[in-house]
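Hi there,

Here is the structure I promised to send over. Have a look through it first, and my notes on what turned up follow below.

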Amino acid sequence: ETLADDLKALYKKNPTDSRFIFWDALDDRKPFSRKMIEGAFNRQLAKIGIDAEARARRRLSMHSLRHGFNASLRGAIPDVTLRKATGHLTASMSDHYDHVTDADLKAIRDAQESRIMLDFESGAARKAK
């Protein structure tokens with residue numbers, strides 16, 4: 001609710017009749033450009049010690065925030081709700097933004113060991129008798 005109120009207030013500050021909430025400081029008839037947003041994001045990262053080399057190594061970008069948002073909330077809320085929040089129209093697009101984490105890989109490995117390997121070992125033991 002607070003964010004919605006803040007966005008409405010910012011929209012009202014737009015000096016033109018355009019529909020933009022975030023407008024270009026040099027030409028208020030245009031929306032913020034992707035370059036402006038990326039530049040501001042990169043400057044803030046630099047302030048906390050993440051330079052261009054570290055950004056590249058860690059694959060950090062404004063767009064990576066979208067991936068992180070989707071991956072973090074996937075499974076915590078219904079996929080239909082997540083798609084509304086991300087603007088994804090299809091489940092396949094949400095799948096594209098999902099990422100397998102180290103914790104996910106460990107859970108898969110543990111499940112394999114507890115189910116598949118134990119079943120295999122108990123079957124082998126039965127055959128040996």
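**Salt bridges, a helix pair and a buried serine**

Let me start with glutamate 53 and arginine 57, whose side chains form a salt bridge with an N to O distance of 3.9 Å. Please keep in mind throughout that this is a predicted model. Both residues belong to helix H3 (residues 52–58), where they sit four residues apart, about one turn of the helix. Are these two partners buried or exposed? Glutamate 53 counts as exposed because its relative accessibility is 59%, and arginine 57 counts as exposed too, at 60%.

In total, the count comes to four salt bridges. Another of them joins aspartate 95 and arginine 74, this time at 2.6 Å, N to O. Aspartate 95 lies in helix H6 (residues 91–97), while arginine 74 is in the loop between helix H4 (62–73) and helix H5 (79–86), so this pair ties together parts that are 21 residues apart in sequence. Aspartate 95 is partly exposed, since its relative accessible area is 44%.

Next comes lysine 106, which you will find in helix H7 (residues 102–128). Which residue does its side chain pair with in a salt bridge? The partner is aspartate 110, at 2.7 Å from N to O, and the two side chains also count as making a polar contact at 2.7 Å. Lysine 106 and aspartate 110 are about one helical turn from each other, because they are four residues apart in helix H7. Lysine 106 counts as partly exposed, given its relative accessibility of 42%. Aspartate 110 is also partly exposed, with a value of 32%. Salt bridges that share partners also build a network, which joins Arg74, Asp79 and Asp95.

Now for the helix packing. Two packed helices are described by the angle between their axes and by the distance between those axes. For H4 and H5, the angle is about 160° and the axes are 10 Å apart. Why does that make the two helices roughly antiparallel? The cut-off for roughly antiparallel is an angle over 145 degrees, so H4 and H5, at about 160°, fall into that class. On the H4 side, the contact is made by Arg66, Phe69, Asn70 and Leu73, and on the H5 side by Leu82, Ala85 and Thr86. The crossing of H4 past H5 is right-handed.

Finally, do take a look at serine 94, in helix H6. This residue counts as buried because its relative accessibility is 1%, and buried means under 20%. What does serine 94 touch, leaving aside its neighbours within four places in sequence? Its contacts are Asn70, Arg74, Arg83 and His88. Two of these names have come up already: Asn70 is part of the contact between H4 and H5, and Arg74 is the salt-bridge partner of aspartate 95.

If you open the model yourself, the serine 94 contacts with Asn70, Arg74, Arg83 and His88 and the network of Arg74, Asp79 and Asp95 can be viewed one after the other.

Best wishes

How values were computed. Residues numbered from 1 in each chain as written. Predicted model: local features only at pLDDT ≥ 70, side-chain atom pairs only at ≥ 80, totals over all residues. Heavy atoms only, no water. Buried < 20%, exposed > 50% of the residue type's maximum accessible area, 1.4 Å probe, protein only. Polar contact = N/O pair within 3.5 Å; in protein donor to acceptor, adjacent residues only side chain to side chain. Axes fitted to C-alpha atoms, helices over the stretch in contact; angles between N-to-C directions. Parallel < 35°, antiparallel > 145°, perpendicular 65-115°, else oblique. Left-handed = near helix turned anticlockwise from the far one by under 90°. Contact = heavy atoms within 4.5 Å.
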